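Have a look at the structure first, then read on.

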Amino acid sequence: MEKERRKRQPPRRKKRRSKIIPEPRIYPGFLLKNKKMESMVGLGLRRDIAEEILDSNVLTPDFLEFAPENWMGMGGMWKGVMDRAVEAFPITCHGLSLSLGSPEELDWQFIKELKAFLDDNQVTIYSEHLSYTKSKNAHLYDLLPIPFRQDAVAHVVDRIRRVQDMLERPLAIENVSYYTPVAAEMSEVEFINEIVEQADCKLLLDVNNVYVNAFNHSYNAKEFIDSLPLDRVAYIHMAGHEQVAPDLIIDTHGQAIIDPVYELFEWTIQKMDPVPVLLERDYNFADLEQIQGELTHLKGILNKHWEVKHESA
Ligand SMILES: [Fe+2]
C-alpha cells in the first residue's frame, strides 16, 4: 500500500526561479488593521450557529469569517444578523466563487460588488481557494484542482494580480485538498511557491489540507510546510476530516480536529509570525461544547508559542 501511494506522487523537479520580478504592492491600511487580529481564533458565521455566537456565550470566537457570496446583497432579518456580527466582531472573508483556475474571464461585476462588501464591512483579510469552481459559467459546486503546470501558473498569477488591483487588497490563496493531481508537470509545493512569488500575494495555510493531501498522496507534511513561503502566510485554517478507507481521507469540515493535525499545527506556528487562525466547521453543530473546546484548544496552543513574539514586538 505504502509503495503504491509513493508511485502516485508526481516527480519532484528542481525549483525554477521566476523571471518575472513582481512590482511592489503596498496596502498600508491592510497591515495596520490586520495587526490587531494576530493570534485571534475565529469561527465561520453560519446561520445554524449565528444565535449561539451573537446572543449567548456558548461559542466565544475572537473573530468571524464570512463567505461573502452568502451575505452580499442580503436584506431583512439576515442583514440584521450580519450587521450585528460586524458590529461585535472583527471580520475576515473567505470566498467561494472567484474560480481562480477557470479559463473564462473573471466575473468583474461580482468582483466590483465584492469590493463594496469588503469596504463596507472593513474587511482586511480576503482569501480564496487555489482551485476552480466554474466552467463556461456553470457553477460546479466543488473546489477542483488546477493542473500543476507552468501555463496554469501564468494564467492564475495574471488573474490574482488583476483581482488584487481591483480590490486594493492582497489576496490570500489557500492550499486546497485534492484527490488526484491532473496532468502535473511540477509538484504541488512548487506550484504554490511560483504563484505566490509571481503574483506577490499572501497565503492562507490550511494545515488540515496539508495533512489530508500528505496522507492521500504519500508525501511528508512537515517537508511540504517547510518548503512553503511561510513569511507570506496571512491566515491559517484548521478543520476536521474523515478517514473513509485505509488509504483515503476526505476533507469534510464536519468532524473534530484529530491530534496529529493539532501536532502539525503546533509544529508549524513555531516557524511563523502570529496570524489569525480559523476553525472551519461547515455542519454537524449538535455538540457546541465540543466546538468551543476546539476554539479553546487552538487558543491555548497559540498563546503558548506566540505570546513571546507579541511581547518582543
Ligand atoms: Fe480551508
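Two residues are in contact here if their C-beta atoms, placed from the backbone, lie within 7 Å. Keep in mind that the model is a predicted one.

**The whole protein**

The protein has twelve helices and twelve strands. Of its 313 residues, 38% are buried. Among contacts with a separation of 6 or more, 79% join residues 24 or more positions apart.

**Two helix pairs**

Two packed helices are described by the angle between their axes and the distance between the axes. Here are those values for two pairs.

| Helix pair | Angle between axes | Distance between axes |
|---|---|---|
| H6 (residues 108–120) and H7 (residues 150–167) | about 50 degrees | 9 Å |
| H9 (residues 207–216) and H11 (residues 259–269) | roughly 120 degrees | within 9 Å |

Let's take H9 and H11 to begin with. Their axes cross at roughly 120 degrees, which makes H9 oblique to H11. Angles of 65 to 115 degrees would count as roughly perpendicular, and those over 145 as roughly antiparallel. H9 passes H11 in a right-handed crossing. On the H9 side, the contact is made by Val 207, Asn 208, Val 210 and Tyr 211. H11 contributes Pro 260, Val 261, Leu 264, Phe 265 and Thr 268. Sorted by class, the contact of H9 with H11 has seven nonpolar residues, two polar ones and no charged ones.

Now for H6 and H7. These helices pack at an angle of about 50 degrees, and they are therefore oblique to each other. Their crossing is right-handed. From H6, the contact uses Ile 111, Lys 115 and Leu 118, while H7 supplies Val 163, Met 166 and Leu 167. The contact of H6 with H7 has five nonpolar residues, no polar ones and one charged.

**A closer look at Lys 115**

Lys 115 lies in helix H6. Which residues is Lys 115 in contact with, leaving aside its neighbours within four places in sequence? They are Met 166 and Leu 167, and both belong to the H7 side of the helix contact. Lys 115 and Leu 167 are 52 residues apart along the chain, yet their C-alpha atoms are separated by 5.4 Å.

Is Lys 115 buried, exposed or partly exposed? Lys 115 counts as partly exposed because it has 16 C-beta neighbours inside 10 Å.

How values were computed:
Residues are numbered from 1 along each chain as its sequence is written. This is a predicted model: local features need pLDDT of at least 70, side-chain atom pairs count only at pLDDT 80 or more; totals for chains, interfaces and linings use all residues. Axes are lines fitted to C-alpha atoms, for helices over the stretch in contact, and angles run from 0 to 180 degrees between N-to-C directions. Helices (H or I, at least four residues) and strands (E, at least two) are DSSP runs, numbered from the N terminus. Angles under 35 degrees count as roughly parallel, over 145 as roughly antiparallel, 65 to 115 as roughly perpendicular and the rest as oblique. A crossing is left-handed if the near helix is turned anticlockwise from the far one by less than a right angle, and right-handed if clockwise. Ala, Val, Leu, Ile, Met, Phe, Trp, Tyr, Cys and Pro count as nonpolar, Asp, Glu, Lys and Arg as charged, and the others, Gly among them, as polar. A residue is buried if 20 or more other C-beta atoms lie within 10 Å of its own, exposed if 12 or fewer, and partly exposed in between; C-beta atoms are placed from the backbone.
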